[in-house]
Amino acid sequence: MFENKDNAGTRIENLGEFGLIDHLTKNFEIKQKSTVKGIGDDAAVISCDSKKELIVSTDLLLEGVHFDLSYMPLKHLGYKAVIVNLSDVYAMNAEPTQITVSIAVSNRFPVEALEELYAGITAAAKFYNVDVVGGDTTSSTTGLLISITAIGSVNKGEAIYRSGAKENDLLVVTGDLGAAYMGLQVLEREKEVFKVNPNSQPDLEPYSYLVERQLKPETRKDISSLLKELNVKPTAMIDISDGLSSEIIHICKNSKVGCNLFEDKIPLDPQVISTCEEFNLDSTTIALNGGEDYELLFTIKTEDYPKIKANPHLTVIGHITAEKEGIHLISRAGTKIPLIARGWNALKDNG
Ligand code: ADP
Ligand code: MG
């Protein structure tokens with residue numbers, strides 16, 4: 001067993017989550033002709049025949065890091081674990097087809113609890129039309145761990161990568177941002193109130209949208225077909241799991257471009273605005289860094305703007321610039337602020 005008694009070596013937080021992934025994976029070589037895209041996008045792309053490409057993506061959720069069972073019902077957790085993975089498949093412009101589900105559980109969970117978890121997984125698989133085709137089950141010394149792998153398929157050449165954005169493209173986001181994070185803030189506050197007064201009955205009604213976005217998120221399975229109907233093919237695409245800021249930076253770094261994001265264009269639900277005021281938080285900061293929105297962020301050619309401009313699901317929030325111009329937020333007051341990926345960083349926040 002590895003023990004770092006003297007606390008020697010480079011600390012993980014010096015690299016950050018993305019720096020660590022780059023550092024650990026930089027020496028992998030692609031040897032198979034069928035590997036179209038390896039590490040570095042929302043999912044891997046593997047060619048399988050002359051017409052189709054296979055999409056593979058995997059995610060790991062850990063109790064105490066990614067979820068808190070004191071307010072996350074197990075059924076919702078099962079549902080969310082599935083959609084977190086499917087979101088990465090949709091972000092490649094692909095259709096998910098199968099998932100595998102692996103769990104590690106401690107003996108503190110009765111069988112009935114795991115049945116609840118699986119009821120959520122079953123509901124999500126049904127709604128998103130994917131088959132559960134395998135997995136693994138093992139014991140854990142403390143909490144619950146869920147790892148899901150999603151498999152999908154896309155017509156050859158139709159996968160959309162993080163790397164295709166070009167200067168002058170428009171930056172577009174689906175839905176609205178920040179609600180899942182504010183839902184978490186509301187639930188955390190209720191948990192503290194409950195600790196002091198276990199008889200308190202929380203009134204979550206004013207926060208219903210926020211709590212739903214945190215506990216029962218959906219992913220944008222509608223966007224790929226919507227864009228086909230509108231005859232728009234995004235040049236780059238990513239899903240918003242870590243926060244708008246960090247995802248814009250991924251698109252810009254991978255596409256070797258810069259970007260101007262306009263603060264006044266960021267779509268916010270009225271509940272996000274009012275709850276941010278109540279919590280004394282800046283709604284732009286929450287939209288930029290909150291994460292867990294599972295919306296899609298993509299770029300389109302300027303000439304496609306008329307096709308999307310009236311659509312209620314889509315908002316143009318900025319445009320792509322030359323790489324040397326950098327990545328900026330243009331504030332309501334017109335100030336240019338460099339964007340940084342302050343998105344919640346699992347490795348930093350949890351030591
Ligand atoms: P996402 O937020 O979309 O799930 P990540 O930031 O987790 O994406 O991962 C970025 C890329 O790095 C993906 O291609 C992913 O498969 C890959 N990756 C992440 N962790 C590892 C790891 N430990 N080993 C190899 N590849 C990894
Ligand atoms: Mg992703």
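User: Happy to dig in! What percentage of the 351 residues in the chain do buried residues make up?

Analyst: Good place to start, and bear in mind that this is a predicted model. A residue counts as buried when its relative accessible area is under 20%. By that cut-off, the buried share of the 351 residues in the chain is 46%.

User: What radius of gyration does the chain have, with its 351 residues?

Analyst: For 351 residues, a compact globule would come out near 20 Å, and the chain agrees with that. The C-alpha trace spans about 55 × 50 × 50 Å along its principal axes, and the chain holds eleven helices and 13 strands. The radius of gyration of the chain is 21 Å.

User: Which helix gives the most to the shell around ligand 1?

Analyst: Let's begin with the residues around ligand 1, which include Phe18, Ile21, Thr25, Gly40, Asp42 and Arg162. By class, the shell divides into three nonpolar, three polar and five charged residues. The top contributor gives three residues and covers residues 12-25. That is helix H1.

User: How much of the accessible area that ligand 1 has on its own does the protein cover?

Analyst: Some polar contacts first: a polar backbone atom of glycine 40 sits 2.8 Å from an oxygen atom of ligand 1. Polar side-chain atoms of aspartate 42 and arginine 162 each lie 3.2 Å from an oxygen atom of ligand 1. Of the 560 Å² that ligand 1 has on its own, the protein covers 65%.

User: Is aspartate 88 buried or exposed?

Analyst: The test is whether the relative accessible area is under 20%. Aspartate 88 has 8%, so the word for aspartate 88 is buried.

Notes
Residues numbered from 1 in each chain as written. Chains lettered and ligands numbered in written order. Predicted model: local features only at pLDDT ≥ 70, side-chain atom pairs only at ≥ 80, totals over all residues. Heavy atoms only, no water. Near = heavy atom within 4 Å. Polar contact = N/O pair within 3.5 Å; in protein donor to acceptor, adjacent residues only side chain to side chain. Areas by Shrake-Rupley, 256 points an atom, 1.4 Å probe, with all protein chains shown as cover. Helix = DSSP H or I, 4+ residues; strand = E, 2+ residues; numbered from the N terminus. Nonpolar A, V, L, I, M, F, W, Y, C, P; charged D, E, K, R; others polar. Buried < 20%, exposed > 50% of the residue type's maximum accessible area, 1.4 Å probe, protein only. Rg over C-alpha atoms; globule rule 2.2 N^0.38 Å.
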